[in-house]
Amino acid sequence: MNGMITASVAWALVHFLWQGALVGLAAAGSLSLLKKSRAGVRYTVAVGFLFLMAALPVATAVRLASSPATTFAGPSLLGPTSPSSPGVGGVEGAGEEGRGDEGLSAAIPPPILLWVLGLWLAGVAILSVYHLGGLRVARRLSRQGRAPGERLEAMVSDLCRRLQIERAVILLESVAVSVPSVVGALRPILLVPASTLAGLSPRQLEAILAHELAHVRRHDYLVNLFQAAIETLLFYHPAVWWVSAQVRREREVCCDDLAVAICGDRLGYARALADLEGLRSAGSGLALAADGGSLADRIRRLVGAPARRSRRSWAAGLFALALLPAFLGIQLACSRTTVMRESRDVPTTEIAGGWSGELQGDQVRLEVKVRKGPLSHFTAVDSYAVSQLVGFTQGPSTHFELRLDSGTFSFQGSFEGGRGRGAVTFRPNPQFARNVGVPFTSSDLLELAVYDVPSGYAREMKDLGLVAYPRENLNGWEGFTRDLMGRREPPVERLIELRSHGVTPGFVRGMQAAGYADLGPGELIELYRHDVDPVWAKGIHETLYGPLPAFRLVELHDRDVTPEWLHGVVQVYPRVGADDVIALRVHGVDGDFIRAAQSRNRQMLTVPEILALHARGGIRS
């Protein structure tokens, strides 16, 4: 399995600890509020929360896998992805060390995370074997039955008609089950034990069979299979088991209500359930039986007795609630770890890997691959002039260096016949981080070297407020929520993003002087890509009643809206909106036309009226 995908799955499992706790608490609160509602409503709500629990880890893993900054060293769920296009360094593929959540990676080291993933896989394997055994038991039960008497078949046929079941239901008498059970989703099989036929009266038997056929009508077997899958994959979270138990409980209550509605004898049905209590057996969890859930609670409900209070549900809820402060404790540890890291000197850990190269005229194409973890690596490909490679010679033994502002690559190996390969070591330059004033890691400096980000460029961008280390957002609930929403960007990602798209400090200063001081890297990149001139942006800003969002500036610029043309329109419509401005510009309407139309009609015309008048051929005398 790809290392990035594996790491994404591992981190999704960790994040589900707090996600599942929140969903479990929400489910408990919702079901408590709905305790007087119909069983069908509570069942639907419980199934919905179970589906949400199933979707959260998948969504988290997909988001993490989509970011090249996700490895066992740290997830990028709490930060943005890498730049959308390669920069000077030409990163071809990367499983980089996560920066958006370095504190969390410090709180959960990669070896522990690998153990977590291994234990999860072991648990999934054990439960899968258990459920496969249950499926085999269910299939064996369906093959061991025999056809019952005509009276029982007639009773089941009549119940199917009254329950409006259009699918064919196979009825078998079996000695392998102790209570009536339904197995199979596409071809439902109703198994009836001989003891039930002998121990229940015809009306009681009819009620019990109605309960089982209600499962068929509601397609409960499919939901039961889904529950088994969720319990297998998320077995480690108590909230999953609690919500799944509520689904099973409400499912049985729904079938009880259907059985009572068909048979019309609530007390007789309760007595039939009481008789089944003595016939209860373990059975397969994949078979739906009339003794499912808590028979005692169901009987109390049918006869109108007060329900007993369950201590286990409260225990599960409290356990789920306890996971929240545990996760917040990890977040606090992350914050402290990051602050401590900032107070130390810049790390100078060397990063080792391998390289291969090819001589192409006066250029050397180098591919560098660095191992970042047990299942992840970082690969960079770029071409350099031979003059840039200090000490480069061809031969069976070669040693040369590529000296960049943020560090030095040292290459050793052989280079013969225009091709070479060997070992590479990256030595980070601690002075780079000191010059910029940002506590970059060795991994950060490696990436800055790959993208050829000079310290002067990084320093200017920091002074402009674009790459300040987000220390103030790391502590407390605010930092936690900002991380969760992916709003915190590590400085190295901002630098690489801006550098790789050609955004210069001069352009940023110009946009800030034009009145756009709060633009983020993505907005600046979009404006730069569309050749938005800061002088033009300042003219638009001063003509309109306030600064516009970056995407509006791009729209106006792409439609050749000039400050001079806009000034003529604003004289007539002082509070004109951007959409109206674009519509007027697209149709070739200027301020002179608008003023002439207003004078001709002796009234204030709206923009749609002006556009309609212009489309009809303009102003006629």
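I began at the start of helix 20, where a side-chain oxygen of aspartate 533 comes to within 3.0 Å of the backbone nitrogen of valine 535. Helices here are DSSP runs of H or I with at least four residues, numbered from the N terminus. The model is predicted, so I noted that local features need pLDDT of at least 70, side-chain atom pairs count only at pLDDT 80 or more, and totals for chains, interfaces and linings use all residues. Residues are numbered from 1 along each chain as its sequence is written, and side-chain values use heavy atoms, leaving out hydrogens and water.

Next I checked how covered helix 20 (residues 534-543) is: seven of its ten residues are buried, meaning under 20% relative accessible area with a 1.4 Å probe, protein chains only. Trp536, Ile540 and His541 are among them. The cover includes helix 18 (505-513), helix 21 (550-558) and helix 22 (563-572).

Then I turned to rings. My search of the whole structure gave 13 aromatic pairs (ring centres of Phe, Tyr or the six-membered ring of Trp within 6.5 Å). One of them joins phenylalanine 392 and phenylalanine 400, edge-to-face at 5.2 Å centre to centre and 80 degrees between the planes (edge-to-face means over 60 degrees). Both phenylalanine 392 and phenylalanine 400 are buried.

Last, I looked for charges over rings (NZ of Lys or CZ of Arg within 6 Å of the ring centre and within 35 degrees of the ring normal). Arginine 218 has its charged end over the ring of tyrosine 43, 4.6 Å from the centre. The charged end of arginine 585 sits over tryptophan 565, 5.1 Å from the ring centre.

Terms used. Rings of Phe, Tyr and Trp (its six-membered ring) pair if their centres lie within 6.5 Å; planes under 30 degrees apart count as stacked, over 60 as edge-to-face and the rest as tilted. Buried means under 20% relative accessible area, exposed over 50%, partly exposed in between (1.4 Å probe, protein chains only). Helices (H or I, at least four residues) and strands (E, at least two) are DSSP runs, numbered from the N terminus. Contact means heavy atoms within 4.5 Å. A polar contact is a pair of N or O atoms within 3.5 Å; within protein, one must be able to donate a hydrogen and the other to accept it, and residues adjacent in sequence count only if both atoms are side-chain atoms.
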